[in-house]
Amino acid sequence: MTLLPFPELTDPGNTDPSVDHAIQAIVGGASTDATCSTDLAEGPWTFDSRPGYGPGSSMGDVIPTGSPRQGELPVEYREADEADLDARIRAAKATLGDRVVVLGHFYQREEVVQHADYVGDSFQLANAALDRPEAEAIVFCGVHFMAETADLLSRPEQSVILPNLAAGCSMADMADIDQVEDCWEQLADVLGPLDVADDSGRMPVIPVTYMNSSAAIKGFVGRHGGIVCTSSNAETVLEWAFERGHRVLFFPDQHLGRNTAKAMGVALEQMPMWNPRRPLGGSSAEQIVDSRVILWHGFCSVHRRFTVGQIEQARAEHPGVRVIVHPECPMEVVDAADEAGSTDYIRRAIDAATEPTTFAIGTEINLVRRLAAQYPQHEIFCLDPVVCPCSTMYRIHPGYLAWVLEELVAGRVVNQISVAAGVATPARVALERMLAAKPRA
Ligand code: SF4
């Protein structure tokens, strides 16, 4: 896999890609734009001990009890200004040299991404860690499931560090392992033994989990003949699953599952939803028997913000606009867009445009603003006019990055993410199946 670096932000005509600066300007009255929460202007440590995911797109979601919480960040990092933290991070990285690799997700805030050795989506970043076997520590500036995946794929001697333990993912948290085990038992009551193939050699159900899920879910999938997918390879993975099973149990993101299966010709009536709080997920036994894809009731609160009305407005105000949305958006939004694709697809589509083009993008605001700054020959804007970043990505502030790096300089590993061996072994099996799954020739 090739990780394409972003073009340098050297053009003085570029706009400021910082979402933090945009929010500070809104809250300070220097901008008339809107934000979904003025609390976003505060330091994330303000929310570390409060219930919930914190301000941003996941504010309305229910955080599971027992989700990791961040301990108090030392005051020197909370009180340092942007320039101080920038200098401290650079100094710590210079001291550590090849002993550390810093990974930055596309949705991460600009003040953190600029220190990343690699920038990409979750799977690109997990692979990037493989390119740096000499690094003793992998500092993953993303969310919890991403750090877990990096731990699964890295060498045992390497420590994976998540700078703020409160950086979970509300979508990943919507598929709890106990609920998934319960679902599996209920499906067996309707469909018979689930780990036994019929005369055609196919299983009753193949579990497929999106990369955006906990290691426990990936381990479940690995134990039951299933596979992991990303937003880039979901169709290839579903083809793999349909060759081996009569139907698929897809989690946690209903929208990626529905959009992908619909594009492959699966009828909507054959995609019942599984709501874990209802018997048989809220479907009848007949609907389960007739199903092709059972969709877990999960979603991303960032991508749920995009609407058909926003697309209509973009088309009215910008004739000829090219609308690209992420497949985590609801089906009607994907249907109304010109194209749908992963974060890497969006970035490559903009990079490949040879003529000045207006792009309306349906994905997280940090990536959209960065792309707008890096490709000033195009007009690029976010479909959602409200500045509302992913709540949990936003928890990784430069203060936490400076803290974990300076702790490493002092010989201490803090905030290590480590997947237990009993989970890691089957989870790696599910990931290896994904890597081996090939598109049809
Ligand atoms: S953007 Fe959505 S899927 Fe990605 S980390 Fe945030 S809540 Fe999770």
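In this predicted model, the shell around the ligand is made up of eight nonpolar residues, five polar ones and one charged one. The ligand has 14 residues surrounding it, and the closest are Cys169, Met171, Cys300, Val302 and Cys390. Domain 1 and domain 2 both contribute residues to this shell, so the ligand lies between them.

**Cys300**

One of the closest residues to the ligand is Cys300. Cys300 sits in the loop that runs between strand 10 (293-296) and helix 13 (308-317). Is Cys300 buried or exposed? Cys300 counts as buried because 27 C-beta neighbours fall inside 10 Å, and the cut-off for a buried residue is 20 or more. Apart from its neighbours within four places in sequence, Cys300 is in contact with Met171, Asp253 and Glu328. Of these, Met171 is also listed among the closest residues to the ligand. Between Cys300 and Thr209 there are 14 Å in space, C-alpha to C-alpha, and the two are 91 residues apart in sequence.

**Domains**

The chain is divided into three domains, with the bounds 19-168 + 392-410 for domain 1, 173-301 + 423-436 for domain 2 and 303-387 for domain 3. The C-alpha centres of domain 1 and domain 2 are 31 Å apart. Their contact takes 13 residues from domain 1 and 13 residues from domain 2. On the side of domain 1 that touches domain 2, helix 5 (122-130) and helix 6 each supply at least two residues. Which helix gives the most to this side? Helix 6 does, with four residues. The residues on this side of domain 1 divide into five nonpolar, six polar and two charged.

Strand 4 covers residues 137-141 and is mostly covered, with five of its five residues buried. Ala137, Val139 and Cys141 point one way from strand 4, while Ile138 and Phe140 point the other way. The residues on both faces are buried.

Strand 4 pairs with strand 2 (residues 100-105) in the parallel sense, over five bridges. In this pairing, Phe140 of strand 4 is the bridge partner of Leu103. Strand 4 is also joined to strand 5 (residues 159-161) by three bridges, and these two strands run parallel. Here Val139 stands opposite Ile161 in strand 5.

Four strands form an open sheet in the order 12-11-13-14, with parallel pairing. Strand 12 (339-340) and strand 14 (379-382) are the edge strands, each pairing on one side only. Strand 11 (residues 322-325) and strand 12 are joined by two bridges and run parallel. Val325 stands opposite Ala340 in strand 12.

| Strand pair | Sense | Bridges |
|---|---|---|
| Strand 2 and strand 4 | parallel | five bridges |
| Strand 4 and strand 5 | parallel | three bridges |
| Strand 11 and strand 12 | parallel | two bridges |

How values were computed. Residues numbered from 1 in each chain as written. Predicted model: local features only at pLDDT ≥ 70, side-chain atom pairs only at ≥ 80, totals over all residues. Buried ≥ 20, exposed ≤ 12 C-beta atoms within 10 Å, placed from the backbone. Pairing = 2+ DSSP bridges. Near = placed C-beta within 6 Å. Nonpolar A, V, L, I, M, F, W, Y, C, P; charged D, E, K, R; others polar. Domains from an automatic or database assignment. Contact = placed C-beta atoms within 7 Å.
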